[in-house]
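The tour begins at the ligand and then widens to the whole protein.

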Amino acid sequence: MAKSAPSFHCTACGAAHSKWSGRCDACGEWNAIVEDTPLSSGPAGQTLGQAKGHRIALTDLAAQEAPPPRAASGLGELDRVLGGGLVPASAILVGGDPGIGKSTLLLQAAARFAAQGLKTLYVSGEEATAQVQLRARRLGLTGAPVQLAAETNLRDILTTLDAEKPQLAIIDSIQTMWSDTVGSAPGSVSQVRAAAHELTAFAKRRGMAVILVGHVTKEGQIAGPRVVEHMVDTVLYFEGERGHQFRILRAVKNRFGPADEIGVFEMTGGGLSEVANPSALFLSERGQSAPGSVVFAGIEGTRPVLCEFQALVAPTPHSQPRRTVVGWDGGRLAMILAVLEARCGIPFTGLDVYLNVAGGMKISEPAADLAVAAALLSAREDAALPPETVVFGEISLSGALRPVSQMENRLKEAQKLGFTTAIAPTGGKVTSDVGMTLTRTGDLTAFVGEIFGAG
Ligand code: TYD
Ligand code: MG
């Protein structure tokens, strides 16, 4: 067999190189490039097919034991995002921008889990114990039996975990941890990977749950949480806008529960408090129905959530009109503008378009298409939608409206919040009477005619 060419990678940024050099072109780090050791070169230089490994014990699909019970924290928003509580021997990554409130959330979660009888250890690599204690006092958590350490040496942490045998360990943050077996700086891709690998492997082996905190970083020196996403069972992102009080914990991957589930919290002077009714919160700043404002009845995970789309359309002073989107996908906006122009003959050339989801919420459902189109048209025509109306529906490139999932849940939530009318695509099942007037349309042109006159 032909011997494969050697390959190299940078231990600081992870970039692959075909030859060794003193400085990595990708990140500029010196002396960080090392040769990859291929898996196929076994101990005696044998290739994989020749090398003798151990035979793996095989088992049936059916031979599983009953799943171990989950531990609930009692913090409902967190438990739901986890899929109903913490699974023993699982690894969870909590990512988010610096300063968004990850340490606050996890300290509160640690206290809750500890109060439920779970032996909990909180390791901070960023703050001194006195700082964490001060925060705990502020949050009123000093009574909780959480064991605290300020440490960044992975070997010492693993030794301690081995001796203490906690059921839950929280590592804040993975980027501050360093392993003496890896020769690059803390926060580099290889350190972050090594630390995450060691901790998750330890957790699996010992039946301990581990929560890793990862800062989302701008492209640059330190590795973001993405480099460890594949190693863990559950990936949660803690997001929110700095200027807004509320924070959303979103499951983007969960081996033990539904992904796309969200938990909503509010940042207060006394820490994070749960928001039981997010729709009411997202709509709280809404005044009378105004041009450009449309309420979308969405679904986040298993829960209906209403939120407001706001659009502004104005003649542009520039040669190239602006398209600015906050909280929604820019590509999707371009598509809807194109469909409005091509199928309904409503051009947006020469007009700046601004689209915003009120309150800092992020929406990714295609079911919001019709609400976006309605907001754009309403802003363009300077005509408000009928009051107490919610809108949802997916728009196809042909201009047809497609039915969306969980219509009934969307309608019930809207009805609960005092909405009386819903504009929705034809098709889709509504079995019970939801107490709302339903306006159904099959395509965008009909919708435009119905809501905005001739368009
Ligand atoms: P923190 O949990 O330290 O963020 P992260 O770990 O994600 O970097 O949160 C820091 C912010 O939270 C800080 O700007 C202050 C704010 N905060 C409150 O508003 N109330 C509180 O009770 C606490 C502890 C923090
Ligand atoms: Mg922190």
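Begin by selecting the shell around ligand 1, whose residues divide into 4 nonpolar, 9 polar and 4 charged. In this classification Ala, Val, Leu, Ile, Met, Phe, Trp, Tyr, Cys and Pro are nonpolar, Asp, Glu, Lys and Arg are charged, and the others, Gly among them, are polar. The model is predicted: local features need pLDDT of at least 70, side-chain atom pairs count only at pLDDT 80 or more, and totals for chains, interfaces and linings use all residues. Residues are numbered from 1 along each chain as its sequence is written, chains are lettered from A and ligands numbered from 1 in the order in which they are written, and side-chain values use heavy atoms, with hydrogens and water left out.

**The ligand shell**

In total, 17 residues surround ligand 1, a residue being near when one of its heavy atoms lies within 4 Å. Select Gly-99, Lys-102, Ser-103, Thr-104 and Gly-271 to display the closest of them.

Next, display the polar contacts (pairs of N or O atoms within 3.5 Å). At Gly-101, a polar backbone atom is 3.0 Å from an oxygen atom of ligand 1. At Arg-138, an N or O atom of the side chain is 3.4 Å from a nitrogen atom of the ligand. At Thr-268, a backbone N or O atom lies 2.8 Å from a nitrogen atom of ligand 1. On its own, ligand 1 has 560 Å² of accessible area, of which the protein covers 73%; areas come from the Shrake-Rupley method with a 1.4 Å probe.

Now colour helix 2 (102–115), helix 3 (129–138) and strand 11 (262–268), the elements that give two or more residues to this shell. Which element provides the largest share of the shell? Helix 2 does, with 3 residues.

**The whole protein**

Zoom out to the cartoon view, where the protein has 10 helices and 21 strands. These are DSSP runs numbered from the N terminus, with helices (H or I) of at least four residues and strands (E) of at least two. The C-alpha trace spans about 80 × 60 × 50 Å along its principal axes. Of the 455 residues, 47% count as buried, that is, under 20% relative accessible area with a 1.4 Å probe and protein chains only.

**The domains**

Finally, select domain 1 (1–38), domain 2 (76–276) and domain 3 (281–452) in turn; the bounds come from an automatic or database domain assignment. The centres of domain 1 and domain 2, taken over C-alpha atoms, are 31 Å apart. Their contact (heavy atoms within 4.5 Å) takes 4 residues from domain 1 and 4 residues from domain 2.

Note on methods: A polar contact is a pair of N or O atoms within 3.5 Å; within protein, one must be able to donate a hydrogen and the other to accept it, and residues adjacent in sequence count only if both atoms are side-chain atoms. Buried means under 20% relative accessible area, exposed over 50%, partly exposed in between (1.4 Å probe, protein chains only).
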